[in-house]
Amino acid sequence: MSNRFAKPEVQAVGAYHLRPHVTPIRLHMNENAAGFPDDLKAEVWRRVSQRDWARYPDFYLREITQRLADHAGVPYEWVMVGNGSNEILQMTLLTTVGRGDHVVVPLPTFTLYKLQATVMGATVHTPLMQPTTNFALPIDEMVWLAREYRAKAVVICTPNNPTGTAYSEAEIRQVVENVDGLVMVDEAYREFHDQDLIHLAREYDNVILFRTFSKALAMAGVRVGYCVARPELVQEIMKVRLPYALNILSETTTLVALDHPDYFRETIQTACCERDRLLAALVALPGVHPYPSAANFILAHFEVGSPTVFQHLLADGILIRDVSSYPGLKDHLRISVGLPPENDAVLASLTRLLVK
Ligand code: PMP
C-alpha cells in the first residue's frame, strides 16, 4: 500500500522489519549475550544522577568525542558520534548522495545500506558475492561499476553481515585506490576479528569507517556509534546531524564502557571461542553447511530447507535470523553466538531435527 505524500523513492522500498517473535533464547540480532555488567550499570546511574537533566548536553559533545578519538587513535576533528552507527550511516548518505546518483553495494549484506541509498534517490548497483567463493568481495566488478556510473559511494561491511566474511586490508585498499567515490566501511563487528582499518581513514580521503557500541560492547539498547574520517568530511556530515545528538545516559554509558576495556575484552574472547565451538559442531551435523565467520554469528545452509529449521528452533524457544530471502541465500539462516548454554540448546535442537 502506498501513500501519495511519500516520495516515490520511499514508496519503492520495503520496510526493514524484524519478526516480532518472543522466545526465551534470542539469537537473531548479533547482540553481546553476556550483557552489560551490573557494576558498570551502577557506575552509570551514579554519574548520570549527578548530571543536570534539565539542561541540554554539551552542544559539541566534546568529552565523548575526544574519548572516542583517543580510543580510535585519531585527532578529535576526525570523529563524529551519534545514536548508533545506522544513524551515522544515514547521515553520511544524506551528505553525499542525492537523486540521480549511483551507489555500489555488494550483496548479500546488511539491508539498510541499499534501503537508505534508495530513499536518498540513488540507483544502487549490487554485484553478487557468491557462496562458492565464501562471499569474496567482487572487487573487479565493484570497481568497474563505480567507475562506469561515477558512483558517489561504495559500501563495504567487514566482517560482513550476514555472511561473517572478513575482507583483508589489501582487498579494501584495492577498491579504495581505484574508485573516486566515498568508500563507506562498516566495522560493526570489528572487535570479533581484531582488525584495525584506522590507517585507511588516515591514508585516503575517500574512506569513512563506521563503528558501534551495539555489538561487542553490549550497548545495543543504549544506541551509540561513531564514524572516523578526514575532518573536512566529518565537518560536512556534522551539518546534517541534529543538535544534541546524544542523550546524557548514552554519553555516560559510553564513557563508563571506555573506562573498563578489560571487561569487554574478556566477553569478546568468550564469544569468539563459542563461535568456533558452534561452527565445529554445525559442520559435524548432517545437511548443515556453515561458513567461516569472523563475527559473533554464523551463516549456514540447511539441506532440509530453512523454513523447517527456523520453525523447529522456534518451537524449541529459539529465535534465529531468517536470511533466506537475501540474494543468493536460499535456505540459509544466521545464528548469533549466545551464551554457552544457549549455543548448547541450538545444537541439541538441531540434533533432534537432523540426526535420525
Ligand atoms: N551495521 C551492521 C553491519 C549491523 O549488522 C548492525 C546491526 N544489525 C548495525 C550496523 C547497527 O548498528 P547500530 O546499533 O550501531 O545502529
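Reply: R211 is buried, at a relative accessible area of 2%. Buried means under 20% relative accessible area, exposed over 50%, and partly exposed in between, with a 1.4 Å probe and protein chains only. The model is predicted: local features need pLDDT of at least 70, side-chain atom pairs count only at pLDDT 80 or more, and totals for chains, interfaces and linings use all residues. Residues are numbered from 1 along each chain as its sequence is written, and side-chain values use heavy atoms, leaving out hydrogens and water.

The side chain of R211 meets that of D196 in a salt bridge, 3.1 Å from N to O. A salt bridge here is a side-chain nitrogen of Lys or Arg within 4 Å of a carboxyl oxygen of Asp or Glu. R211 sits in strand β7 (residues 207-212) and D196 in the loop between β6 (182-186) and α8 (198-203), so the pair ties together parts 15 residues apart in sequence. Helices (H or I, at least four residues) and strands (E, at least two) are DSSP runs, numbered from the N terminus. D196 is partly exposed, with a relative accessible area of 36%.

By this rule the count comes to 24 salt bridges. One of them joins D259 and R47, with the closest N and O atoms 2.8 Å apart. This pair links distant parts of the chain: D259 is in helix α10 (residues 248-259), R47 is in helix α2, and 212 residues separate them. Both ends are partly exposed: D259 has a relative accessible area of 36%, and R47 has 22%.

D262 and R265 form another salt bridge between their side chains, at 2.6 Å from N to O. These two residues are three apart in helix α11 (residues 261-283), which means that about one helical turn separates them. Salt bridges that share partners also build a network: E43, R46, R47, R67 and D259 are joined into one.

Charged residues also occur around the ligand. Its shell divides into five nonpolar, six polar and three charged residues. A polar side-chain atom of D186 lies 2.6 Å from a nitrogen atom of the ligand. For K215, a polar side-chain atom is 3.2 Å from a ligand nitrogen atom.

Conventions
A polar contact is a pair of N or O atoms within 3.5 Å; within protein, one must be able to donate a hydrogen and the other to accept it, and residues adjacent in sequence count only if both atoms are side-chain atoms. Ala, Val, Leu, Ile, Met, Phe, Trp, Tyr, Cys and Pro count as nonpolar, Asp, Glu, Lys and Arg as charged, and the others, Gly among them, as polar.
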